[in-house]
Amino acid sequence: MTSLAVANPGSLIQSVDWVAIAPPLIAAVAALAVLVTDLFLPERHKKWLGRLTAAGLALALIALLPLIGGSPRATFCVQNVAGATDTPSISGSAAGGCSYVADHFALVFQLLTLGGALIAALLSVHTVDQEKLPRGEYWFLLLSSATGAALLPASRDLATMVIALEVASLPAFALVALRRDGRGAEAALKFFVSSVTATAVMLLGIGFVYAASGSLHLGAVAQGLEHAPGQLKPLAEAGAVLTLVGFAFKVAAVPFHFWVPDTYTGAPLPVAGYLSVVGKAAGLSGLALATTIAFRPYAHTWGLALAILAALTMTVGNVGALRQRFDTRYSAVRLLAWSSVGQAGYLLVPLAAAGYAPTGVDPLGATAAYALIYGVVNLGAFGVVAAVGRRAGTSVDDFRGLFARNRWTALALAFFLLCLAGLPPGVVGLFGKVVVFRAAVDAGLGWLAVVMAVNVVIALYYYLLWTARLFAPADAEAAVEGGGERRLPVSLTATLGLTATAAVVLSVAPQLVLQVAGGSLF
């Protein structure tokens, strides 16, 4: 059992481990600072709110550094029934338990959520000005959502997980609706209605789980379900299934994916990129915690369910991407939306493998590694779409001949697409898929590995077709329209430079990410 640094577990009035909770806390404080500052800043100076947001997210990322390499830290812990001070495990599985644990799992996903939010903030600077979005509201909502997304991976009880999930989700509804046209309102309404329904189902499931186990702490839930009376087992099993629905919705797993294409198309582009990476990472972390810790007694049941879900998700996502017409408006965004659904299927494979893995084997590292790779390259792809969309449209055909107009932007997008496809020189994308594939094979899920291999081949078609358009001869009209402005705004340049550099470094030294897959996250 890994030891934890617990903040005064034997005291009725506990001290808070401020170092452990610093990353989400800094993001929350930055959100409040933006909200208050917006009240006093004159309109001409409100551009500083974007810089304040980026600084807050950067500080939250820096706050992860003191937590790296040391023992996992826990806070907000409760005593056991006898009043003893049992040291809880990382999952909070003592008789009492801890509600917040900063372990390796939490740090990896907090790096992904806060880093993704920072890139989305850089990408948003130009969009907020171009589309005249309300600055104060936009930056406050982005920081608030990032706070919930950073809190969720460290949560170790079902109540905190639900609160974190809703803190991440509710501001996202408003972010989608900030675009002042009919598409934004329609997208936000679809997102809201489907999300609220999934949350209601999840809360019902948590109620069933609490009734069967007698606890909300994840480790205690597992113990309670394992020793639950026979007459309560059907209730517990139904509760487990319903609880996973809410997290599956956030991951955009089939059949809870139907909101994705319309929401991404109607939202501002940085918000769509944010949802595709940060929102997905938050849901994925909650799904991993609920299954591998709380519902561990039902491992083979949810393992099979997640394996089927993964196969359906990657297949539906890639087939949906194949059906997109490249000449229609917003087809580039819709293609990335369906691609994100397909990528969610790959992310679910190691989770399914965790249900079959023997004790001491942790396939979740493969999910974390692939999520980090996907987050970098997908946000980079959205950044290029935002850059091209300033002068042209956002259909895939608008990217025809981009290399002749802006070669560095075209090369960046080509590299991102090849990483998503898993082809050289996007070596890191290839390594990520190999790691996920190996997790399925090692768990004995050979049929799922075959389905994944088929879907990787299917996805090659639309990724390579889009890449080929970048180097195709441009139409005369497009060349004239796109040839006048080669210089990108500083924020877009920073976004593309940051994501492209990270993708290249990871391709040259993939072991930096694969180290995550090699060790145990718990």
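Which helix gives the largest share of the lining of the largest cavity? In this predicted model, the answer is helix 10, with six residues. The cavity in question has a volume of about 130 Å³ and is lined by 15 residues, of which Ala-168, Ser-169, Lys-250, Leu-275 and Gly-279 lie closest to its centre. Two or more lining residues come from each of helix 4 (135-151), helix 5 (158-177) and helix 10 (269-294). By class, ten of the lining residues are nonpolar, three are polar and two are charged. In total, four cavities of 30 Å³ or more were found in the structure.

The largest pocket holds about 920 Å³. Its lining consists of 34 residues, and those closest to the pocket centre are Leu-107, Val-108, Leu-111, Leu-112 and Leu-372. Helix 3 (104-130), helix 13 (364-389), helix 19 (490-508) and helix 20 (511-518) are the elements that each supply two or more residues to this lining. Helix 3 supplies the most, namely nine. The pocket lining comprises 24 nonpolar residues, nine polar residues and one charged residue.

The packing of nonpolar residues was then considered. In soluble globular proteins, nonpolar side chains tend to be buried together. The largest nonpolar core of the model contains 174 residues. Helix 13, one of the elements lining the largest pocket, makes the greatest contribution to this core, with 18 residues. Within the core, the residues with the most contacts are Tyr-138, Tyr-264, Phe-295, Phe-399 and Trp-466. When neighbours within four places in sequence are left aside, Tyr-138 is in contact with Ser-124, Val-128, Leu-133, Leu-175, Leu-178, Pro-270 and Val-271.

Terms used. Residues are numbered from 1 along each chain as its sequence is written. This is a predicted model: local features need pLDDT of at least 70, side-chain atom pairs count only at pLDDT 80 or more; totals for chains, interfaces and linings use all residues. Side-chain values use heavy atoms; hydrogens and water are left out. On a 1 Å grid over the protein atoms alone, a cavity is a set of points where a 1.4 Å probe fits but cannot get out, and a pocket is an open set with protein on both sides within 12 Å along at least five of seven lines; lining residues have an atom within 4 Å of a point. Grid points are joined across faces, edges and corners, and a volume is the space filled by probe spheres set on the points. Helices (H or I, at least four residues) and strands (E, at least two) are DSSP runs, numbered from the N terminus. Ala, Val, Leu, Ile, Met, Phe, Trp, Tyr, Cys and Pro count as nonpolar, Asp, Glu, Lys and Arg as charged, and the others, Gly among them, as polar. A nonpolar core is a set of buried Ala, Val, Leu, Ile, Met, Phe, Trp, Tyr and Cys residues joined through side-chain atoms within 4.5 Å. Buried means under 20% relative accessible area, exposed over 50%, partly exposed in between (1.4 Å probe, protein chains only). Contact means heavy atoms within 4.5 Å.
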